[in-house]
Amino acid sequence: MPAKPSFLLHLSGIALLALLAGACSTSDEPAPEAASTPPAKTSLDDGTALLPVQDEDPSPDAFSLSLEARESEVTYGASPPTKVWTYNGTVPGPLIEAKVGDRLTVKFTNKLPEPTTIHWHGIRLPAAMDGTLAMQQPIEPGASFTYEFTLKDAGLFWFHPHMRSDIQVQKGLYGTIRVRGQAEPEADDERVLVLDDVRLKADGSLAEYLDDEARMMGREGNTILVNGKQTPTLRFRPGALVRLRLVNTANGRFFNLKLAGASFRVIGTDGGLIPGPHDAEQVLMSPGERYDLLVRMPASPGTLELTSEPYERGHDSGKNPPLKVATFSVEQEPVGRTLPLPAAGPAPERLPDGPADFSLNLDEKVMPDGVVFTINDAVFPDVPSLMAPLGSTRVFEVNNKSEMDHPFHLHGFFFQILARNGQPEPADALLNKDTIIVPMKSSLKLVARFDEPGMWMYHCHILEHAEHGMMGEIHVE
Ligand code: C2O
Ligand code: CU
């Protein structure tokens, strides 16, 4: 019998079910719900799976890993090799597979030629572990730092540098953390899909561009990547209910996903499963956001195209043609069972509405040396810090005055959407988010509870905007 559940999570979902079923027959613990369904071999290998990192800690409620940021070389599609910056040598970096309640220890060493830090996007943790310069010194080349915190929430999270993030993330520094909860919906297959884009030159090198357009819109590449592979083919069995765990790690690109011939059942987002699963033909993801989707594959073999459809996020970007993201190939034997689509999700606490405590106006300003992005007319670090008493619930009004969308990201806390342009948000909609699109010329009302002390950041997750002013701090004490 394997030593610990987190080891089990390194295996495919099906092997996991089989092992859990075996493990439970010799243990006193009640069988997990999922183990009651007979396991079937439903996953197909297509070479796109992320590499789970080895857990170095044998105790069942702790996960420990060594992480190194270093230069490396990868090959994107048919292009010559590309020099990139990586966590542990790959783009994306490792997938950390853990469960709620695990203590995560990351022994990090910086082998890059410049200082860095790691931010754990979406994870509720102590401020000192959050990887921002408000709370930690830069980790110099050759130096090490240990990040350590407990995983409180189930969901898909990601990690990336919080210094010169527009450069460091673009070069390949990002990885994912999947945290399993108690009650997870059952699926025949489950994939973590990391969406990104890079701009490659003919010689395979990454373009070091920050022209006016890239600074205005965020860098967009000429090569779409899914798990580090250029527009790959993913293989599924006919009739399979597939769970897609998506994260957009691009600097500036929004993915407006559509799978021709199938619809998505949205079951979760940044902060885990949502109370009201619903169907959508398209799912729009700004940089930083996550979505958890169920898709039923057609009953007979064939191919489906996953595309990013035109979306107007400013400056006529909606006139761009659809882009191919991946091909879904439905092949081999049908799965032979029809798993139900969940109609309801968990019902987490809903935070109270109230008058706005903070009002943030997002805008842009053209300066002699290029455009800057402002919060209440100031450019970070000149944006005055907000103050929130420890344990308080605070309501934000985020007004986007500019002609382009900005994905608003808050560190360390989830927020809930109270209203969009004064229209109340349905109570069971998305619930817990850490990144949300504030569309151009519109206003969102958000609420968060500040139950961890320290200095926390909020910013636009178009990384060029964050690095050119659209960032602020919230002091919780
Ligand atoms: Cu993923 Cu401060 O951001
Ligand atoms: Cu922005």
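This is a predicted model: local features need pLDDT of at least 70, side-chain atom pairs count only at pLDDT 80 or more; totals for chains, interfaces and linings use all residues.
**Entry 1: the copper site**

I began with the copper ion (ligand 2) and looked up its donors. His406 coordinates through ND1, Cys460 through SG and His465 through ND1, at 2.0 Å. I then wrote down how these donor residues are spaced in sequence, and the pattern is H-x53-C-x4-H. Two of them link distant parts of the chain: His406 sits in strand 25 (residues 406-410) and Cys460 in strand 30 (residues 454-460), 54 residues apart.

Are His406 and Cys460 buried or exposed? I found His406 at a relative accessible area of 0%, so it is buried, the cut-off being under 20%. Cys460 has 2% relative accessibility and therefore counts as buried too.

**Entry 2: Arg180**

Next I went to Arg180, which I located in strand 8 (residues 175-180). Its relative accessible area is 17%, and because buried means under 20%, I logged Arg180 as buried.

**Entry 3: the cavities**

I turned to empty space inside the model. A probe the size of a water molecule, rolled over the atoms, shows where such space is left. How many cavities of 30 Å³ or more does a search of the whole structure find? I noted two.

The largest cavity has a volume of about 40 Å³. Its lining is made of Gly155, Leu156, Arg245, Leu246, Thr269, Gly272, Arg290, Tyr291 and Asp292. I checked which strands these come from: strand 7 (155-160), strand 13 (241-248) and strand 18 (290-296) each give at least two residues. Strand 18 has the largest share, with three residues. By class, I have three nonpolar, three polar and three charged residues in this lining.

The second largest cavity holds about 30 Å³ of space. Here I listed Ile123, Arg124, Leu151, Lys152, Asp153, Phe157 and Val179 as the lining. How does this lining divide by class? I got four nonpolar, no polar and three charged residues.

**Entry 4: for my next look**

For the metal, I would open on His406, Cys460 and His465 around the copper ion (ligand 2).

Conventions
Residues are numbered from 1 along each chain as its sequence is written. Chains are lettered from A and ligands numbered from 1 in the order in which they are written. Side-chain values use heavy atoms; hydrogens and water are left out. Helices (H or I, at least four residues) and strands (E, at least two) are DSSP runs, numbered from the N terminus. Buried means under 20% relative accessible area, exposed over 50%, partly exposed in between (1.4 Å probe, protein chains only). Donors are N, O and S atoms within 2.8 Å of the metal (3.2 Å for Na, K and Ca); water is not among the atoms, so sites may look incomplete. On a 1 Å grid over the protein atoms alone, a cavity is a set of points where a 1.4 Å probe fits but cannot get out, and a pocket is an open set with protein on both sides within 12 Å along at least five of seven lines; lining residues have an atom within 4 Å of a point. Grid points are joined across faces, edges and corners, and a volume is the space filled by probe spheres set on the points. Ala, Val, Leu, Ile, Met, Phe, Trp, Tyr, Cys and Pro count as nonpolar, Asp, Glu, Lys and Arg as charged, and the others, Gly among them, as polar.
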